[in-house]
Amino acid sequence: MRGLRVPRFALEGLLLAGLYLAGELARGFARGGAATAEAHADAIVRLERRLHVFDETTIQRAAHHVDGLTAFLGYAYLSLHLAVTVSVLAWVYACRRHAYARLRNTLALASLLAVAGYALFPTAPPAVPSMHIGFSLVVAVAVVRLARHRLVRIVGALYPVFVLFMIVATGNHFFVDAAAGALAAAVAAVAAPLLSV
């Protein structure tokens with residue numbers, strides 16, 4: 001009797017799901033206690049005030065003035081991150097296979113950097129870095145580079161802008177979190193070509 005052979009795309013899916021769940025678990029376990037997490041959040045607020053970028057509350061108030069927008073953004077925050085990332089990965093795997101390994105490796109490395117950030121700098125209520133931003137930038141670059149249709153490339157380029165608005169308007173992340181997520185994505189993108197898997 002021959003052994004069961006699992007299709008490659010199924011293995012890829014399991015690997016990525018495992019990485020995502022590991023990142024979420026690490027974020028939950030790496031809180032470092034409420035007092036530490038809140039002290040780190042206060043430090044971020046002080047930093048943003050010194051840099052004159054502490055405008056999250058202005059964006060949040062503006063979002064609350066549009067009926068239904070806050071609820072929509074809350075649902076988008078919970079679902080869009082994973083749905084878009086998985087969809088782009090599946091599209092690249094199916095249609096642009098030559099670029100898949102680099103995209104997968106970039107997302108995996110960014111996730112590992114995020115876990116380190118969660119452990120070293122636990123923050124409440126948001127977690128540093130924001131991988132909503134990190135992942136949105138990685139998939140946006142993939143779409144802009146690989147899509148043939150101009151409209152798709154434009155939507156891809158605008159996606160991180162929407163994600164930034166979403167994470168700030170819902171109160172889930174600070175601008176500093178977004179910058180840290182972007183940095184994690186950039187470092188992962190530079191390092192990913194060094195991996196051969």
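Me: Good. What sort of model is this, and how are residues numbered?

Reply: It is a predicted model, in which local features need pLDDT of at least 70 and side-chain atom pairs count only at pLDDT 80 or more, while totals for chains, interfaces and linings use all residues. Residues are numbered from 1 along each chain as its sequence is written, and side-chain values use heavy atoms, with hydrogens and water left out.

Me: How many helices and strands are there?

Reply: The protein has 8 helices and 0 strands. Both are DSSP runs numbered from the N terminus: helices are H or I with at least four residues, strands are E with at least two.

Me: And what fraction of the protein is buried?

Reply: Of the 197 residues, 39% are buried. Buried means under 20% relative accessible area, exposed means over 50%, and partly exposed is in between (1.4 Å probe, protein chains only).

Me: Which residues touch the most other members of the largest nonpolar core?

Reply: Val88, Val92, Leu103, Met131, Met166 and Ile167 do, in a core of 38 residues. Helices α4 (69-95), α5 (100-120), α6 (131-146), α7 (150-169) and α8 (175-191) each give two or more residues to this core. A second, separate core has 5 residues, including Ala41, Val45, Val128 and Phe174. A nonpolar core is a set of buried Ala, Val, Leu, Ile, Met, Phe, Trp, Tyr and Cys residues joined through side-chain atoms within 4.5 Å. As background, nonpolar side chains tend to be buried together in soluble globular proteins.

Me: Let me pick on Ile167. What does it touch?

Reply: Leaving out residues up to four places away in sequence, Ile167 touches Tyr77, Ser130, His132, Ile133, Asn172, His173 and Ala178.

Me: What about Val138: where is it, and what does it touch?

Reply: Val138 is in helix α6 and counts as buried, at 9% relative accessible area. Beyond four places in sequence, Val138 touches Leu103, Thr106, Leu107 and Ala185. Val138 and Ala185 are 47 residues apart in sequence, with 6.4 Å between their C-alpha atoms.

Me: Switching to rings. How many aromatic pairs are there?

Reply: There are 2. Rings of Phe, Tyr and Trp (its six-membered ring) pair if their centres lie within 6.5 Å; planes under 30 degrees apart count as stacked, over 60 as edge-to-face and the rest as tilted. Phe72 and Phe162 form a tilted pair, because their ring centres are 6.4 Å apart and their planes at 50 degrees. Phe72 is in helix α4 and Phe162 in helix α7, so this pair ties together parts 90 residues apart in sequence.

Me: Are those two buried, exposed or partly exposed, and what's the other pair?

Reply: Phe72 is partly exposed at 47% relative accessibility, and Phe162 is partly exposed at 27%. The other pair is Tyr93 and Tyr100, with ring centres 5.0 Å apart and planes at 85 degrees, so it is edge-to-face. Tyr93 is buried at 13% relative accessibility, and Tyr100 is buried with a relative accessible area of 6%.

Me: What sits over the ring of Tyr93?

Reply: The charged end of Arg97 does, 3.8 Å from the ring centre. To count, NZ of Lys or CZ of Arg must be within 6 Å of the ring centre and within 35 degrees of the ring normal.

Me: Last topic, backbone. Which peptide bond is cis?

Reply: The one from Val128 to Pro129, with omega near 0 degrees. Pro129 lies in the loop between α5 and α6.

Me: And what's up with the phi of His52?

Reply: His52 has a positive phi of about 60 degrees although it is not a glycine. His52 lies in the loop between α2 (34-50) and α3, and counts as exposed at 70% relative accessibility. For context, most residues other than glycine have a negative phi, and most peptide bonds are trans.

How values were computed:
Contact means heavy atoms within 4.5 Å.
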